[in-house]
Amino acid sequence: MRKKSLFLIFNALFFLVISTKAQNNRRIVDNSIGWYALFVNHKIDNKFSLHGEFQYRRTDYINDPMQNLYRVGVNYLIHPQVTLRVGYAFADTYPYGEIPIQSSGRRFPEHRSYQMLTINNPIGTLQLSHRFMLEQRFIGRFLDPKANRADDYLYMNRIRYMVRMQLPLQGKTLDDKEPYVAVYDELLIGFGRNVNQNVFDQNRFGALLGYRFTEKIRIEGGYLNQNLQLGRFVDGNNLFQNNTGVVLNTYLNF
């Protein structure tokens with residue numbers, strides 16, 4: 001039964017990613033990436049907890065900087081299976097790859113406020129979760145080409161939806177000192193007055209192998225694919241990045 005469930009999960013998400021790629025018949029640039037992240041949650045009481053994370057994103061797997069992402073938030077447990085989070089994030093993006101995200105070709109900052117709702121929906125041994133996120137983004141840019149730092153900020157909105165499926169490899173539940181597998185897919189959509197070319201902002205797919213050491217510590221890693229559309233034309237074409245590589249996540253719960 002477990003093998004059959006895994007087969008159905010991987011095939012469904014594989015065809016979802018393939019269908020997304022098939023629509024991108026414009027110019028595509030490939031990058032190899034490595035995303036390494038630390039997630040920390042600290043429980044305050046039965047309803048509230050604090051969240052913090054740092055994501056160290058690189059190109060050429062580890063050699064060159066891509067982006068550093070810092071995110072903090074406050075969680076509120078609405079229901080045993082429903083969690084609300086509000087918070088702030090800061091992204092520091094580098095001019096990586098053949099064609100940088102911004103036409104200035106420079107490192108730029110981004111400030112975000114966000115609201116997130118996570119719904120856990122276990123189905124037998126399968127742990128299914130849905131994550132909905134709304135972001136208000138303030139993206140730094142350079143109106144003066146001689147400026148040493150961003151001298152203007154562009155406001156943009158983005159909505160995100162991620163579905164994640166996780167299956168223990170021993171028994172019916174995930175307990176201490178046990179491995180698991182997981183797959184996820186996340187779609188990011190821009191909207192609003194300043195959305196530009198990338199209404200479809202990006203899609204992320206991951207296939208992971210994880211291990212739970214204790215209730216407080218687990219780690220997972222595996223394959224990552226990111227399809228990202230730039231918000232501007234390049235030589236009259238829509239430009240898409242096809243970024244593939246590895247992801248490694250560490251989770252600490254206190």
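User: Hi! Which residue does Arg160 form a salt bridge with?
Analyst: Glu186, with the closest N and O atoms 2.9 Å apart. A salt bridge here is a side-chain nitrogen of Lys or Arg within 4 Å of a carboxyl oxygen of Asp or Glu. The pair links distant parts of the chain, with Arg160 in strand β7 and Glu186 in strand β8 (residues 178-191), 26 residues apart. Strands are DSSP runs of E with at least two residues, numbered from the N terminus.

User: What sort of model is this?
Analyst: It's a predicted model, where local features need pLDDT of at least 70, side-chain atom pairs count only at pLDDT 80 or more, and totals for chains, interfaces and linings use all residues. Residues are numbered from 1 along each chain as its sequence is written, and side-chain values use heavy atoms, leaving out hydrogens and water.

User: Which residues are linked in a network of salt bridges?
Analyst: Glu110, Arg112, Arg131, Glu135, Arg137, Arg158, Arg160, Glu186 and Asp201. Within it, Arg158 pairs with Asp201, their closest N and O atoms being 3.0 Å apart.

User: What about Arg204?
Analyst: Arg204 sits in strand β9 (residues 200-212). Arg204 is buried but has no salt bridge; Glu186, the nearest side chain of opposite charge, is 4.0 Å away. For charge, Lys and Arg count as positive, Asp and Glu as negative, and His and the chain ends aren't counted.

User: Which side chain does Arg204 have a polar contact with?
Analyst: Gln202, at 2.8 Å. A polar contact is a pair of N or O atoms within 3.5 Å; within protein, one must be able to donate a hydrogen and the other to accept it, and residues adjacent in sequence count only if both atoms are side-chain atoms.

User: New topic: how many strands does the closed barrel have?
Analyst: 11, running in order from β1 through β11, with mixed pairing. Two strands pair if DSSP finds at least two bridges between them. For instance, β3 (residues 64-79) and β4 (residues 82-93) run antiparallel, joined by 12 bridges, and Leu77 stands opposite Thr83 in β4.

Conventions. Helices (H or I, at least four residues) and strands (E, at least two) are DSSP runs, numbered from the N terminus. Buried means under 20% relative accessible area, exposed over 50%, partly exposed in between (1.4 Å probe, protein chains only).
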